[in-house]
There are 2 protein chains.
Amino acid sequence: MNIGVLGTGTVGQTIASRLVELGHSVTMGARQAGNENATAWAAAHHGRAGTFAEAAAFGALVINCTNGAGALDALAAAGEANLAGKVLIDVTNPLDFSAGMPPTLTVANTDSLAERIQAAYPATKVVKSLNTVTASVMVRPDTVPGDHVVFVAGEDAGAKEITRGLLGEFGWPEARVLDLGGIRAARGMEMYLPLWLSLYGALGVGAFNIAVHAAK
Amino acid sequence: MNIGVLGTGTVGQTIASRLVELGHSVTMGARQAGNENATAWAAAHHGRAGTFAEAAAFGALVINCTNGAGALDALAAAGEANLAGKVLIDVTNPLDFSAGMPPTLTVANTDSLAERIQAAYPATKVVKSLNTVTASVMVRPDTVPGDHVVFVAGEDAGAKEITRGLLGEFGWPEARVLDLGGIRAARGMEMYLPLWLSLYGALGVGAFNIAVHAAK
């Protein structure tokens, strides 16, 4: 599939590289043409580099891996027409580092970044997923032992199925992809971040995840 | 130990009953003397019923099981002098139902209920714990299979040790009690609630919990 990856940081590079490895064609989009990260990645991984708009136009599916605080600006640069009718998997966390470490969230509790994106792009099928694990675990869940889970949330059932398919390619077994419902459930997925950061501090390693066990 | 349990709802009743079963002496505190829930509980469980102030004065340790939205009022009624120098285990979630279901939080992101309580009662050793599981799992973790975990957060190491001891009595193995650090970590524990509510919806059962698996 042709996939546009918005963002050139660790998450964008990790996801884009794995997608190429799985046989997909990827354009990595950056704020400006000629972005060094994107150009270097494209050269090393038989991918393409371009602007946010070029990556969004290229993708039959688009993955938002931008800095959460800049996500809405990045999507505006990508362009409504380039996103319309497409599945947009939103992987970002709206981290606010303006008051130092640990970060707070730019939006929480009564709204979420994914809800804002869905509201701003009603013709785009937004699915929140993967934001609850570190980049390496997103694309290689078997690096963490046990029956740990990943979540999907969004309004469009078909878009969630496409997302589940991609998660399956990454290595997430069907039973470990939990559908939390509509896009509002992204709120809980984003608000999990402060607990994730505390666990990171307690464990001393970012490659971890949670399993969910219920009483029989 | 003499323990004061503030709150007469499901959480207060479940914890108070388990404490009596474990051999502790418990006074259940309510907003008003003669509260029906507290009186009935006391009669059925060889406990005592009283006001918030009486329960706090009685306890060498106090457990806050009040409605999160009313917690600060309840503690004001309990009285600063009755709480000073004591360990206060804060089990509450600051749920705001004013805009309907699902609830939001009355405080989040840049503050937490536990931080507010610690700031308001600096002579009290506040430990946030148990708020991430439903009442039945709090006091009988073995009703849920697997290596699922409970968290503690607070400024006072001794208070966290006392809390760990009580959690051990409830049935939480030492290795499954994760210390997340100072009271600020309560923020992540409280902000986990929206994800908990989504999982509750997806699983259809409240008796569940999360395990944390890390890469080797």
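A residue counts as exposed when its relative accessible area is over 50%, and as buried when that value is under 20%. In this predicted model, A:T10 comes out at 60% relative accessibility, so it lands among the exposed residues. A:T10 sits in helix α1 of chain A. Its C-alpha atom is 16 Å from that of A:P94, a residue 84 positions away in sequence.

Further along in helix α1, which covers residues 10-21 of chain A, comes A:R18. Here the relative accessible area is 13%, so A:R18 is buried. Setting aside residues up to four places away in sequence, A:R18 touches A:V139, A:R140, A:E169 and A:F170.

Stepping back to the whole chain, chain A is built from ten helices and eleven strands. Its radius of gyration is 16 Å, close to the 17 Å that the globule rule gives for 216 residues, so chain A is as compact as a globular protein of that length. The C-alpha trace spans about 50 × 35 × 35 Å along its principal axes. Of the 216 residues in chain A, 56% count as buried. Among contacts in chain A with a separation of 6 or more, 70% come from residues 24 or more positions apart.

As for the surface, chain A exposes about 8,000 Å², and 52% of that is supplied by carbon and sulfur atoms.

The loop between β6 and β7 of chain A has a couple of prolines to look at. One is A:P102, found in this loop and joined to A:M101 by a cis peptide bond, with omega near -15°. Chain B has a cis bond too, between B:M101 and B:P102, with omega about -15°. B:P102 lies in the loop between β6 (95-96) and β7 (104-105) of chain B.

The other proline is A:P103, which also lies in the loop between β6 (95-96) and β7 (104-105) of chain A. With a relative accessible area of 7%, A:P103 is buried. Leaving out its neighbours within four places in sequence, A:P103 is in contact with A:L95, A:D96, A:F97 and A:L197, and also with B:R184 from chain B. A:T143, by contrast, is 40 residues along the chain from A:P103, and the C-alpha atoms of the two are separated by 26 Å.

In chain A, A:N109 has a phi of about 75°. A:N109 is in the loop between β7 and α6 (113-120), and is buried, with a relative accessible area of 13%. In chain B, the phi of B:L130 is near 70°. B:L130 is placed in the loop between β8 (125-129) and α7 (135-139), where its relative accessible area of 4% makes it buried.

Finally, there is an annotation to set beside the model. An unreviewed UniProt entry lists residues 193-215 of chain A as "transmembrane region". In the model, that span is 48% helix and 30% strand, and its end C-alpha atoms lie 26 Å apart.

Key:
Residues are numbered from 1 along each chain as its sequence is written. Chains are lettered from A and ligands numbered from 1 in the order in which they are written. This is a predicted model: local features need pLDDT of at least 70, side-chain atom pairs count only at pLDDT 80 or more; totals for chains, interfaces and linings use all residues. Side-chain values use heavy atoms; hydrogens and water are left out. Helices (H or I, at least four residues) and strands (E, at least two) are DSSP runs, numbered from the N terminus. The radius of gyration is taken over C-alpha atoms; the globule rule is 2.2 Å times the number of residues to the power 0.38. Buried means under 20% relative accessible area, exposed over 50%, partly exposed in between (1.4 Å probe, protein chains only). Contact means heavy atoms within 4.5 Å. Accessible areas come from the Shrake-Rupley method with a 1.4 Å probe; for residues, only the protein chains shown count as cover. UniProt positions are given in the numbering used here, feature names are shortened, and annotations may be inferred rather than shown by experiment.
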